[in-house]
Amino acid sequence: MSAALDSLLDLLDLEQIEQDIFRGTSRSAIVPRVFGGQVAAQALVAAGRTVPTGLPRALGSARAGETPSAHSLHSYFLRMGDPGAPIVYRVDRIRDGRSFTTRRVVAVQHGQPIFHLSASFQTHEEGLEHQAAMPPAPDPETLPTAAQMLPRYADRFSDPGIVDRMIEARAAVDLRYVDAPPFGTVGEPREPRSQVWFRTNGKLADDPLLHVCMATYVSDMTLLDSVLLAHGRGGWTVGDVVGASLDHAMWFHRPFRADEWLLYDQESPSASGGRGLGQARIYTQDGRLAITVIQEGVVRVPRD
């Protein structure tokens, strides 16, 4: 396991300070605010810790008995998070049913809610089966890593340190673009679709919630790229747009491992009113549809 992945696991392993109340810290991000994927993943950890039969105190360790698995989450980003302050997660036990368990989580900083999440968990059962087919994509092993790809675009960024910060922020995850990222084709509008392969940089324990939380963390990294591609914009790191996530929803259809290659197939059906919508499907390398993701974000062109 890489040191960066070990550090990310520590970040997600929240401290319990009271019944249904947890505390987390933040890590450095590309921009001076809490990364949205981090707060979403931490909130899901907090929710999962209160599910009947419980999760162990240390995320990723073995547990006895079957715990319901997360099957969906719906969340809103309310305020920009302060990376220098702890985040308190308060969990409400909305419902404990025979098949479904529902939790609501509010993340608080400086006495103000910054994030709200509702998550639903389901015990395993058999049912009808069908799925959308996996789209074509190249073998991830043939694509450059972030450390190989990002320095090629160093001249696109006004901040000379941005490449190093981007590599550091993504060191726990091996994320590989199928085509050039938005900052690689500035000024060249193209089809609002993008694909990336990703997996963690190291082996994870078998805890299903751990893999779901890791996918949640990564899902906020590139989903709005397709909005930028449609308009030839390079993104927040280039400075030709400003933006932030507004809401984020995920549905977990089938078991998967976040330490094995996953294809993140993303597109943008609409942008209007200073907002852009991204929708995506995440497939396992053998073609199983594992996750559906939808996110809307603020995407504004800076005024002169």
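**Figure 1. Ser75 in strand E3.** Ser75 belongs to strand E3, which covers residues 69-77; strands (E, at least two residues) and helices (H or I, at least four) are DSSP runs numbered from the N terminus. The model is a predicted one, in which local features need pLDDT of at least 70 and side-chain atom pairs count only at pLDDT 80 or more, while totals for chains, interfaces and linings use all residues. Residues are numbered from 1 along each chain as its sequence is written, and side-chain values use heavy atoms, with hydrogens and water left out. With a relative accessible area of 2%, Ser75 is buried (buried means under 20% relative accessible area, exposed over 50%, partly exposed in between, with a 1.4 Å probe and protein chains only). Residues up to four places away in sequence aside, Ser75 touches Phe115, His116, Leu117, Leu246, Asp247 and His248; a contact means heavy atoms within 4.5 Å. Ser75 and Phe115 are 40 residues apart along the chain, yet their C-alpha atoms are separated by 7.3 Å.

**Figure 2. Phe115 and the largest nonpolar core.** The largest nonpolar core holds 68 residues, of which Val39, Tyr89, Phe115, Met214 and Ile291 touch the most other members. Such a core is a set of buried Ala, Val, Leu, Ile, Met, Phe, Trp, Tyr and Cys residues joined through side-chain atoms within 4.5 Å. The contacts of Phe115, not counting residues up to four places away in sequence, include Val39, Ser75, Tyr76, Phe77 and Val105. In soluble globular proteins, nonpolar side chains tend to be buried together.

**Figure 3. The loop at Asp20.** Asp20 is found in the loop between strand E1 (15-18) and strand E2 (21-24). The phi of Asp20 is near 65 degrees, a positive value in a residue other than glycine. Most residues other than glycine have a negative phi. Asp20 is buried, its relative accessible area being 12%.

**Figure 4. The loop at His110.** Between strand E5 (100-109) and strand E6 (112-122) runs the loop that contains His110. Although His110 is not a glycine, its phi is positive, at about 50 degrees. His110 counts as exposed, at 61% relative accessibility.

**Figure 5. The setting of these views in the chain.** The protein chain has 6 helices and 12 strands. Of its 304 residues, 50% count as buried. Among contacts between residues at least 6 apart in sequence, 71% join residues at least 24 apart.
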